[in-house]
Amino acid sequence: MAIVSFLISLFGATMLLLFAVRMVRTGIERSYGASFKRLLTGQSGQLQGSLMGIGLAIVLQSSAAVALLAAGFAASGLLSFGMGLAIVLGGDLGSAFIIQILSFKLDWLVPLLLAVGGWLFVKTETRKWRQLGRILMGVAFILISLRFLREAMDPIRDSAFLPAIAAYLERDYITAFIVGAALAFVMHSSVAAILMCVTLVQIGAIPFAAGLSLVLGANFGSAFIPVWLSRGMPILARRIPLANLILRGTLAVCVLFVSQNILRAGLVGNPDGGQMLVYAHMGFNALLLILALPFCNYLAGPMERLLPEAGNDQKLGAEIAHKPVSVLDEADLEVPAQALTSLKRELLRMLGVVETMFRPVLSLYENGEKDAIRSLQAMDLDVNECLSGIRSYVASIPQENFGKENTRAALDLAEYAIRLETAGDVVSKRLAVLANELRKKKAKFSKAGWEELVDMHEAILSNLKLASNVLISDDLESARLLSLEKTELKRAERQSRKRHLKRLQGGNAESFETSDIHLETLRALREFNSHIAAVAYPILYGNGQLLETRLIENMPEEGGSV
């Protein structure tokens, strides 16, 4: 029974740790996720890129998240291979710094973090304050999970089998290395895996030598995570995580053999305590960054040969295969669940086209050429084609077999398709036209005005991602968040308009020159976001979270005064 109780406690503490790490990362991504593009793609040198990777990993509490961001931007042509690899290597070191911060005894902070974080998340409606509350509570849960982990080990610390396992891992360091790698990959979090190893060494459950082998293995296993998660991405994206895996794996194996031989020979005494393990982890990642950073650009050639792009014939085939094609299937109409799934898949494709149109809008404002603007406007035809297909598909639904509830769901999806088509029109017929007008005038926004537009653009990109999640999952909490984000963007638009008028009163020449375009852009961005957020309405209404009208329904009785 003691073993069963131990395993349950260990599993519970581990799950809480994983949940807490994810909670912190989710809060940060929802607050600042769209800003990461500017941060990652605005670096001028690899040293600067590695420093940015360190900072992002500390913020996101995940080196894998940094690697996936870098891989995605490399696939889009926004990052070179060398710069992307430098950012990933910096992210690994930043992840090691997180371990140092969280390994301190901070249990006294838990009540304060829970009180402040809980109040912000429950009592405030502003997006960033709510997400800050989520982050603070996530940090508190991490500290709680580590305390649970220490407490779970107490009953068996003096048992017979734990010293045997610890001695085996210390003796067979290759097995310990493999166990550490598997642990990091299965947990999908190097932070959680290494924190667990550090805690086990701190409480004396395993010796330092075994902990070091586990941590080196966890470093190796964590590099597999972005390789696995990027397996479906283009070749340009997959090269960076694979290069990181090769570098980390090679150094981890070398350090494993060297360190274990040194420890067994007694050349450095007998290191003890979790803090020494944290130092070893940080030293490993710092050494990797120092050794590999000068060669990031030179590794591009070998990685191109290792993962070559498809030949011309294969490229042509790939282009044909990836050409947007409707996923609507008339055969699915006989089965309501399959028909609704087909509609959602087609809407998801339509939303992707709209996002592709919207993403480069501000780039067109900065340096838009006629051809780029025309190309963007041409994509609106694809959106219109999607809408036509969805309307025809919904009109073909056999209502007698579909049922009232399924028919209503199909009509809601068709309504959202209309909103997406209108959002596409906002981009092609308003924002693109305004970008062309700005180009003809050769005018520029004021610095403050441009920053306001960039912030709104980034917020809408985050909402596009959230809208995709709502469309797929029908999740009530995500729908509520998307609705709150719509309100937040309206507030941002109103505040930007007021600040713009103040700049006009202050005599800002740039604001005068671009006043009409600035105000029209604000209105267009707000309208675009409203159409995107409409996917949340049926879910909120169906769960009693949204009223059909805000008008007061109590009418005066007949003969009464108005």
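Glu437 and Lys441 both belong to helix 20 (residues 404–441), where four residues, about one turn of the helix, separate them; helices here are DSSP runs of H or I with at least four residues, numbered from the N terminus. Their side chains meet in a salt bridge, with an N to O distance of 3.9 Å; the term denotes a side-chain nitrogen of Lys or Arg within 4 Å of a carboxyl oxygen of Asp or Glu. The model is predicted, and local features need pLDDT of at least 70, side-chain atom pairs count only at pLDDT 80 or more, and totals for chains, interfaces and linings use all residues. Residues are numbered from 1 along each chain as its sequence is written, and side-chain values use heavy atoms, with hydrogens and water left out.

**Salt bridges**

- The structure holds 15 salt bridges.
- Glu493 and Arg497 form a salt bridge whose closest N and O atoms are 2.6 Å apart.
- Glu493 and Arg497 are separated by about one helical turn because they stand four residues apart in helix 22.
- Glu493 is buried, with a relative accessible area of 2%, whereas Arg497 is partly exposed, with 29%.
- Arg359 and Glu355 are joined through their side chains by a salt bridge of 2.4 Å, N to O, and Arg359 counts as partly exposed at 33% relative accessibility.
- A network of salt bridges links Glu452, Arg499 and Arg503.

- Asp474 lies in the loop between helix 21 (447–473) and helix 22 (476–505).
- Although Asp474 is not a glycine, it has a positive phi of about 55°.
- Asp474 counts as partly exposed, at 42% relative accessibility.
- Gly507 follows helix 22 and has a positive phi, near 80°.

**Surface patches**

- Lys490, Arg494, Lys498 and Lys502 form a positive surface patch; patches consist of residues with over 30% relative accessible area and no salt bridge, like charges being joined within 9 Å and nonpolar side chains (Val, Leu, Ile, Met, Phe, Trp, Tyr) within 5 Å.
- Lys and Arg count as positive and Asp and Glu as negative, while His and the chain ends are not counted; the place of a charge is taken as NZ of Lys, CZ of Arg, CG of Asp or CD of Glu.
- Lys498 lies in helix 22 and is exposed, with a relative accessible area of 52%.
- Ile174, Ile178, Val253 and Phe257 form a nonpolar patch on the surface, with about 320 Å² of accessible area together; such areas come from the Shrake-Rupley method with a 1.4 Å probe, and for residues only the protein chains shown count as cover.
- Helix 9 (173–187) and helix 12 (235–265) are the elements that give two or more residues to this nonpolar patch.
- Phe257 is located in helix 12 and counts as partly exposed, at 34% relative accessibility.

Notes: Buried means under 20% relative accessible area, exposed over 50%, partly exposed in between (1.4 Å probe, protein chains only).
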